[in-house]
Amino acid sequence: TEAQLVLDPAGHVMLANRAFLALGPEGATTVVGMKIAELDWLVRAMPQDAPPPWQRVLESGRSVLSIEARLGDGTPHRRDVVVNCSPVTDGYRRTRGCLVTLSDVTELHERTEGLRVALADLHASREEIRRKNEELTQLATRDPLTGCLNRRAFLSESELQLAAAAGNGSPLSCIMCDVDHFKSINDRFGHGGGDEVLKAVSKALGRGLRTGDLLGRYGGEEFCILLPNATLDQALEIAERLRAEIESHAGSAIREFADVKVTMSFGVEQYADATPDFAALVDRADQALYHSKKNGRNRVTARGRMQT
């Protein structure tokens with residue numbers, strides 16, 4: 001089944017089997033007696049950067065193996081072959097000719113290409129699945145308007161952070177904050193204007209936090225911030241920085257409404273209970289926030305330092 005030629009020292013074909021004739025042009029019945037150099041369809045398929053492998057064998061007496069070639073390239077009868085050429089020697093090890101074999105690997109190449117395409121499709125599918133999963137995670141955990149963690153995802157992650165802080169004795173603080181006079185902003189600029197304000201303040205809050213801090217939209221115009229490894233004094237410093245940033249820049253970031261003034265009020269509390277209870281921590285921070293609202297807004301209050 002393997003195509004074979006036997007050449008004499010001058011390169012004449014002494015023997016060619018049917019498998020070899022089947023690789024050549026249709027209608028060829030014999031090539032015996034021809035010089036192999038006259039078989040253009042075979043010579044053209046050989047690499048052009050070196051003499052044909054059979055010529056190298058006849059000149060050197062050493063085998064030339066695993067030469068890849070494509071016969072009939074660009075035609076419906078294209079075949080991929082691997083060419084091996086070995087010397088034919090006499091009893092004195094003198095080269096008396098060359099044995100040329102051509103192994104048809106077309107189907108193997110086609111299967112390999114099919115596998116390559118299938119693998120590429122598989123990788124593309126996996127990438128698409130990964131992207132879709134990221135989108136689903138985004139939809140499940142992020143507030144669609146502000147991009148902050150939604151309340152459910154924020155509470156879930158905060159419970160884990162609080163349990164970790166209770167377990168290793170590290171400090172943890174919570175900040176509750178909301179937009180001052182948000183109802184009047186909605187009344188004046190419509191819900192579209194209110195949405196722009198929420199987006200502006202969420203960006204300002206996110207920019208002012210540390211890596212590892214959590215920011216969630218708690219509901220309406222209210223946001224909650226969890227600060228792992230932050231004492232009450234550190235949390236107060238962060239909250240004051242956020243308050244000043246929003247007062248100075250959040251309003252100017254909303255280009256559609258040139259005269260809108262945006263401020264926020266903040267309530268701060270540090271976790272100090274023996275039993276981790278995030279709801280209780282948020283409630284105490286919310287009490288501090290209410291105190292800031294009650295005493296003029298646009299301010300930061302720590303629950304443990306509230307003054308009546």
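Predicted model: local features only at pLDDT ≥ 70, side-chain atom pairs only at ≥ 80, totals over all residues.

Overall shape, then. There are 8 helices and 10 strands in the chain. How does the radius of gyration of the chain sit against that of a compact globule of 308 residues? Well, the globule would come in near 19 Å, but the chain has 40 Å. If you box up the C-alpha atoms along the principal axes, you get roughly 115 × 45 × 30 Å.

Now contacts. Take those with a separation of 6 or more: 56% of them are between residues 24 or more positions apart.

We have about 17,600 Å² of accessible area, and carbon and sulfur atoms own 50% of that. As for charges, I get 38 positive and 43 negative ones, and their mean positions are 2 Å apart.

Next, the aromatics. Searching the whole structure turns up 2 aromatic pairs. Let me show you one of them, F20 with W41: the ring centres are 5.4 Å apart and the planes sit at 40°, so we call this pair tilted. What I like here is that the pair ties together distant parts of the chain, with F20 in helix α1, residues 18-23, and W41 in helix α2, residues 40-43, a gap of 21 residues. Are these two buried or exposed? F20 is at 0% relative accessibility, so it counts as buried. W41 is at 18%, so that residue counts as buried too, given the cut-off of under 20%.

As background, most residues other than glycine have a negative phi. You'll find S66 in strand β3, residues 64-71, and at 53% relative accessibility S66 counts as exposed.

Then there's R297, also not a glycine, whose positive phi is about 65°. R297 sits in the loop between α8 (278-294) and β10 (300-302). Its relative accessibility is 31%, so R297 counts as partly exposed.

That's what I had, over to you.

Note on methods:
Residues numbered from 1 in each chain as written. Heavy atoms only, no water. Helix = DSSP H or I, 4+ residues; strand = E, 2+ residues; numbered from the N terminus. Rg over C-alpha atoms; globule rule 2.2 N^0.38 Å. Contact = heavy atoms within 4.5 Å. Areas by Shrake-Rupley, 256 points an atom, 1.4 Å probe, with all protein chains shown as cover. Lys, Arg positive; Asp, Glu negative; His and termini not counted. Charge placed at Lys NZ, Arg CZ, Asp CG, Glu CD. Phe/Tyr/Trp six-rings, centres within 6.5 Å; stacked < 30°, edge-to-face > 60°. Buried < 20%, exposed > 50% of the residue type's maximum accessible area, 1.4 Å probe, protein only.
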